[in-house]
Amino acid sequence: MQTQKPLLPLGARRLAAWCGVVLLVAGVAAVVVWLCVALKTAVTPVMLALLGTALLGPVHRWMTAHGVNRSLAAGLTCALLVAVVGGAGYIVVSALIDTGDQIVRSLKDAGHWVVDHFGVTGNTNVDDLAANAKQLVEKFGASAAGGLLSGLSLVGSLIATSVLALLLTFFFLRDSDRGVKLAHSIAPRGTGDLVEAMGRRAFEAVEGFMRGTTFIALIDAACITVGLLILKVPGAVGLGALVLVGAYIPYLGAFISGTVAVLVALADRGLVIALWALGVVLAVQVLEGHILQPLIQSRTVQMHPATILIALTAGASVAGLLGMLLAVPVCAAAFGILGELRKGHLPPPDSPDPATPDPATPTPDASPGAPPSPSGA
């Protein structure tokens, strides 16, 4: 019987299949993003708790390995998290408050220098920009003072989110072993090992990103702060704090914080010192890109800079600054899952196909002493 010829050639059918897969994946991703935005009150604490768990997970594992009870170890780790985050936040905010006015004034002077030396004409006026910014801040302050209830509601929401994230971090640390059993119980039959491997790989990617980024941020902030102090740039501590915060937004944060440091040096110390400050910033970036990142983050998922920039843009469009902070860890987890899938894990078959009997299993009509039946008969 002659088989009917397909309507489309093989290449067109493959292209159609891939288009269907892309549309399906895009649709699922759109639904997931929509659900995250709609349920951001619940999603935000969970994401922050996962980041905290990834950052201090090794501390909890070290405590449990030395005989500390899991609940006690989780409680001590959460206390350490509060101390680290609270202490770092206090230092950063204090440094920015103490030197914020000086940095803003230096940026204004740098704007004047650029206007004067590059012959920028037209309606550009740095004083007008500063005055408009001041009016905007005063207007915002008046509206915030008039809406005190909404301001208190915002503060209460932030406190509730922080407390919920801390509690979730405690439970994630304490019950991490139960997560493996949960993954096996909810996974389709025969795919429990694959789901567990993907989960572990995604968490390892986030864990490596958080630890590596934090360590690199501390080194970058310390080096740039020391360099600016040597150059006697005003507000060096505040600029170092800005570098520390901006390090969690790859590329974009380093560019903004480095530009601010150079402009402040230009306004207060002149062009020569500004060039030295630029050299310090570039040297730190070279140290980070060629030594620190390959050495510290060698075992994590390495993403192309274009992929990171696209993730930052997508995160900013979805959730603003919080989206930018969470975009790269989420992208790292996704790449970790894809990497695990590329290893070719296949679920074991539920039962052998009856049409293809196992050659190691004897047939029913064969006995140990019987000669094998001829296959060519």
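User: At what angle do helix α7 and helix α10 pack?

Analyst: This is a predicted model. Two packed helices are described by the angle between their axes and the distance between the axes. Here α7 covers residues 192-230 and α10 covers residues 305-342, and their axes are 8 Å apart. The angle is about 140°.

User: Is the crossing of α7 and α10 left-handed or right-handed?

Analyst: Handedness describes how one helix is turned against the other. For α7 and α10, the crossing is right-handed.

User: How many residues of the contact of α7 with α10 are nonpolar?

Analyst: From α7 come residues including Leu 194, Ala 197, Met 198 and Phe 209. They meet a set in α10, with Val 328, Pro 329, Ile 337 and Leu 341 among them. One residue of this contact is polar and two are charged. The nonpolar count is 13.

User: Is Thr 214 buried or exposed?

Analyst: Thr 214 sits in helix α7. The cut-off for buried is under 20% relative accessible area. Thr 214 has a relative accessibility of 17%, so it counts as buried.

User: Which residue has its backbone oxygen 2.7 Å from a polar side-chain atom of Thr 214?

Analyst: Set aside neighbours within four places in sequence, and Thr 214 is in contact with Leu 55 and Tyr 248. The backbone oxygen at 2.7 Å from the polar side-chain atom belongs to Met 210.

User: How many residues of helix α8 are buried?

Analyst: Helix α8 runs over residues 236-246, eleven residues, and is mostly covered. The buried ones include Leu 239, Val 243 and Leu 244. Glycines are on the list too, among them Gly 238 and Gly 240.

User: How many helices does the chain have?

Analyst: Read from the N terminus, the elements run α-α-α-α-α-α-α-α-α-α. There are zero strands. Buried residues make up 28% of the chain's 377 residues. The number of helices is ten.

User: In which helix is confidence lowest?

Analyst: The chain averages a pLDDT of 75, and 73% of the residues score at least 70. Helix α1 has the highest confidence, at 89. At the other end is a mean of 49, over residues 126-146. That helix is α4.

Technical notes: Residues are numbered from 1 along each chain as its sequence is written. This is a predicted model: local features need pLDDT of at least 70, side-chain atom pairs count only at pLDDT 80 or more; totals for chains, interfaces and linings use all residues. Side-chain values use heavy atoms; hydrogens and water are left out. Axes are lines fitted to C-alpha atoms, for helices over the stretch in contact, and angles run from 0 to 180 degrees between N-to-C directions. Helices (H or I, at least four residues) and strands (E, at least two) are DSSP runs, numbered from the N terminus. Contact means heavy atoms within 4.5 Å. Ala, Val, Leu, Ile, Met, Phe, Trp, Tyr, Cys and Pro count as nonpolar, Asp, Glu, Lys and Arg as charged, and the others, Gly among them, as polar. Buried means under 20% relative accessible area, exposed over 50%, partly exposed in between (1.4 Å probe, protein chains only). A polar contact is a pair of N or O atoms within 3.5 Å; within protein, one must be able to donate a hydrogen and the other to accept it, and residues adjacent in sequence count only if both atoms are side-chain atoms. pLDDT is the predictor's confidence in each residue, from 0 to 100.
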